[in-house]
Amino acid sequence: MGVFDVVGPVMIGPSSSHTAGAARIGLMAREILKDEPVEAVITLYGSFAKTYKGHGTDKALVAGLLGFSADDVRLRTSFDLAAQQGMNVVFQRSEAEVDHPNTVRIAMTGKTGKKMEVLGVSLGGGKMEIREINGAGVLLSGEEHTLITVHRDKPGVIAQATTILAIGHINVSNMRVFRSAKNASAVMIVCTDSPVPQEMVSMIKNISGIESVVTLLPL
């Protein structure tokens, strides 16, 4: 057990799960979008839906979408800052049953028109997981260098992408592939020991069947 596990994360309160975790979900959603969000529809489930205003979950999610970390004092004024930047955010509550009580779905539109939808859960202690990207089930903690592809589920795509990483001497610590259905949209998440250089990202983008490639730094 480390110091972080005893004292918790450095954050703007009041709650590590409802505030810090929420801010990290919003920030990860922005990183996955790889665009400046101008619209976001945020659906809250379970405990999030019941207590989001009192615990500052709503402000934290918006702060993350603005690119702020959980310990950024601007979290408290994120609504005003979002309005100043022209970001339109709509909150809605759902009574649908979910696997985790601190669950949120964020449907975003970026400045360039790019759309992305993620589902995240706050696990406590400021930790979180992204469990869906564009409807495909995934598992993403944001604690490692990560490369994410959205691609068509067809033979050869994964092999070509991992070959490029191998040639570039990028060591893979973990890799998972998720798909919504056979021959449909799929998501590959590759965690690496070091960041993937931009020239390699460009090579992976040019693989037939690849729709988008995102690289993430550890949060």
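Visitor: Which residue forms a salt bridge with Glu 211?

Guide: The closest N and O atoms of the pair are 3.9 Å apart, and a salt bridge is defined as a side-chain nitrogen of Lys or Arg within 4 Å of a carboxyl oxygen of Asp or Glu. This is a predicted model, in which local features need pLDDT of at least 70 and side-chain atom pairs count only at pLDDT 80 or more, while totals for chains, interfaces and linings use all residues. Residues are numbered from 1 along each chain as its sequence is written, and side-chain values use heavy atoms, with hydrogens and water left out. The partner of Glu 211 is Arg 152.

Visitor: How many residues apart are Glu 211 and Arg 152?

Guide: Strands (E, at least two residues) are DSSP runs, numbered from the N terminus, as are helices (H or I, at least four residues). Glu 211 belongs to strand 10 (residues 210–216) and Arg 152 to strand 7 (residues 145–152). The pair thus links distant parts of the chain, and the separation is 59 residues.

Visitor: Is Arg 152 buried or partly exposed?

Guide: Buried means under 20% relative accessible area, exposed over 50%, and partly exposed in between (1.4 Å probe, protein chains only). The relative accessible area of Arg 152 is 37%. Arg 152 is therefore partly exposed.

Visitor: Which residue meets Asp 153 in a salt bridge, and why does the pair tie together separate parts?

Guide: Asp 153 lies in the loop between strand 7 and helix 6 (157–167), whereas the partner lies in strand 8 (residues 172–179), so the pair ties together parts that are 26 residues apart in sequence. With 2.8 Å from N to O, the partner is Arg 179.

Visitor: How many residues of strand 7 are buried?

Guide: Strand 7 runs antiparallel to strand 9 (residues 185–192), joined by eight bridges; two strands pair if DSSP finds at least two bridges between them. Strand 7 also pairs with strand 10 in the antiparallel sense, over six bridges. Strand 7 is largely enclosed by the rest of the structure, because the buried residues number seven of the eight.

Visitor: Which residue is the bridge partner of Leu 147 in strand 10?

Guide: In strand 9, Leu 147 has Val 190 as its bridge partner. In strand 10, the partner is Thr 215.
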